[in-house]
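Dear colleague,

I am passing on a structure for you to look through, with some notes on its aromatic side chains. Please read the notes with the structure open beside them.

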Amino acid sequence: VQLQASGGGLVQAGDSLRLSCETSGRPYGGTWRKYDMGWFRQAPGTEREFVATITSATDSTYYADSVQGQFTISRDSARNMAYLQMNSLKPEDTAVYYCAARLAYSDNAFYTAKTEYPYWGRGTQVTVSS
């Protein structure tokens with residue numbers, strides 16, 4: 001199970017970016033549909049924090065308060081991809097963004113702790129200038 005985040009870059013405040021997370025390897029049961037996907041971010045000198053998650057069962061989504069209404073998480077299971085659309089970016093959104101996955105069960109619950117996600121990709125840097 002491998003993940004790779006991409007799509008970061010240097011943008012100005014108010015701009016938009018779409019991050020992509022490509023999954024590969026041999027998922028359990030032969031499908032990534034069985035995995036919840038999450039996005040986290042880490043700014044210099046801070047802990048890695050939860051940003052958004054999408055469930056495997058129903059594609060339900062949940063966001064950190066700081067990005068609610070600004071970011072949108074989605075997935076394309078046919079292409080084994082997950083996305084994070086980021087709009088109206090602010091300097092405080094500057095961070096390395098990571099995608100993560102966890103094998104889901106039937107509870108359709110939202111998991112926001114990084115310890116709940118055993119699979120991680122290499123991050124992609126997002127820098128927002130003022």
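Are Phe40 and Tyr117 buried or exposed? Both Phe40 and Tyr117 are buried, where buried stands for under 20% relative accessible area, exposed for over 50% and partly exposed for what lies in between (1.4 Å probe, protein chains only).

Please note that this is a predicted model, in which local features need pLDDT of at least 70 and side-chain atom pairs count only at pLDDT 80 or more, while totals for chains, interfaces and linings use all residues. Residues are numbered from 1 along each chain as its sequence is written, and side-chain values use heavy atoms, leaving out hydrogens and water.

Rings of Phe, Tyr and Trp (its six-membered ring) are taken as a pair if their centres lie within 6.5 Å, with planes under 30 degrees apart called stacked, over 60 edge-to-face and the rest tilted; by this rule there are nine aromatic pairs. The ring centres of Phe40 and Tyr117 are 5.3 Å apart and the planes stand at 75°, so this pair is edge-to-face. Since Phe40 belongs to strand β4 (residues 35–42) and Tyr117 to the loop between β9 (95–103) and β10 (119–120), the pair ties together parts that are 77 residues apart in sequence; strands (E, at least two residues) are DSSP runs, numbered from the N terminus.

Tyr62 and Phe110, by contrast, form a stacked pair, at 5.2 Å centre to centre with 20° between the planes. Tyr62 is partly exposed, with a relative accessible area of 37%, and Phe110 is partly exposed, with a relative accessible area of 37%.

Best regards

Key:
Helix = DSSP H or I, 4+ residues; strand = E, 2+ residues; numbered from the N terminus.
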